[in-house]
Amino acid sequence: MKITCHHCKEEFTASNEQSAFITASKVKNMKFIIIECPICYESFHLDPTAVDRPVTAVSELADEDGLRCPNAGCFGIISFIEEEKPFWGCGECGTVWNKKSELFQDVKISIEKYPYRAEVYKKKRKGFIPAALEDEPEDYEDLVLAELNK
Ligand SMILES: [Zn+2]
Ligand SMILES: [Zn+2]
């Protein structure tokens, strides 16, 4: 199992321990795990589900990772996927945003339409980051599901 380090860009062969970890995480459908590079000893994030593809390392978690999906009726979580063409994708409905500005625009629209959605985001100067889970309305998922009946 070959892995490219995100820090030193060197390719290395995963140790047996790392291979087992990656395989186990893949089975559990985990999208982000941390691997230590045996060359530069830096840790980096890796998407185990992408390990069979040529470039396997993903960058540090982006600030907007974990944002709630702004689509009506969807309470999925957005992940930033750094590939040749980076994108933001919702694990629930499969929507993909190629530009962060487009994602933030959709978030803005969803908040204007459904004011309770403002509580799952924290506004930053340049966009949004996820609010803490405990700050989300308790019935958030019910509220979002109800959007489909409007
Ligand atoms: Zn390295
Ligand atoms: Zn979604």
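**Figure 1. Overall view of the predicted protein chain and its confidence.** The protein chain averages a pLDDT (the predictor's confidence in each residue, from 0 to 100) of 85, and 92% of the residues score at least 70. This is a predicted model, in which local features need pLDDT of at least 70 and side-chain atom pairs count only at pLDDT 80 or more, while totals for chains, interfaces and linings use all residues. Residues are numbered from 1 along each chain as its sequence is written, and chains are lettered from A and ligands numbered from 1 in the order in which they are written. The chain holds three helices and nine strands, where helices (H or I, at least four residues) and strands (E, at least two) are DSSP runs numbered from the N terminus. Along the sequence these elements follow the pattern β-β-α-β-β-β-β-β-α-β-β-α, and the C-alpha atoms fill a box of roughly 50 × 30 × 25 Å along the principal axes. Of the 150 residues, 23% are buried, a residue being buried if 20 or more other C-beta atoms lie within 10 Å of its own, exposed if 12 or fewer, and partly exposed in between, with C-beta atoms placed from the backbone.

Figure 2. The domain assignment, whose bounds come from an automatic or database source, gives domain 1 (2-50) and domain 2 (78-149). The centres of domain 1 and domain 2, taken over C-alpha atoms, are separated by 28 Å. Over residues 53-60 the pLDDT stays under 50, and for these residues the model has 21 contacts beyond four places in sequence; two residues are in contact if their C-beta atoms, placed from the backbone, lie within 7 Å. Where pLDDT is low, the predicted coordinates should not be read in detail. Confidence is lowest in helix 1 (residues 16-27), with a mean of 82, and highest in helix 2, at 96. For the chain as a whole, residues 24 or more positions apart account for 39% of the contacts with a separation of 6 or more.

Figure 3. Three strands form an open sheet in the order 5-6-7, with antiparallel pairing, where two strands pair if DSSP finds at least two bridges between them. The edge strands, each of which pairs on one side only, are strand 5 (78-81) and strand 7 (96-97). Strand 6 (residues 87-90) is joined to strand 7 by two bridges, and these strands run antiparallel. Trp 88 has Trp 97 of strand 7 as its bridge partner.

**Figure 4. The hairpin of strands 8 and 9.** Strand 8 (residues 121-124) pairs with strand 9 (residues 127-130) in the antiparallel sense over four bridges, and the hairpin that they form has two residues between the strands. Ile 129, in strand 9, is the bridge partner of Lys 122.

Figure 5. A nonpolar core is a set of buried Ala, Val, Leu, Ile, Met, Phe, Trp, Tyr and Cys residues joined through C-beta atoms within 7 Å. The largest such core has 15 residues, and those with the most contacts inside it are Ile 78, Trp 88, Leu 103, Val 107, Tyr 121 and Phe 128. Strand 5, strand 6 and helix 2 each supply at least two residues of this core, with helix 2 giving the most, namely three residues. A second, separate core of five residues includes Cys 5, Ile 35, Phe 44 and Leu 46. Phe 104 is found in helix 2 (residues 100-113) and counts as buried because it has 21 C-beta neighbours inside 10 Å. The C-alpha atoms of Phe 104 and Pro 70, which lie 34 residues apart along the chain, are separated by 8.9 Å.

**Figure 6. Two loop residues with positive phi.** Most residues other than glycine have a negative phi. Lys 9, in the loop between strand 1 (2-4) and strand 2 (11-13), has a positive phi of about 65° although it is not a glycine. Lys 9 counts as exposed because it has 11 C-beta neighbours inside 10 Å. Tyr 41 is found in the loop between strand 3 (33-36) and strand 4 (43-46), and likewise has a positive phi of about 65° without being a glycine. With 10 other C-beta atoms within 10 Å, Tyr 41 is exposed.
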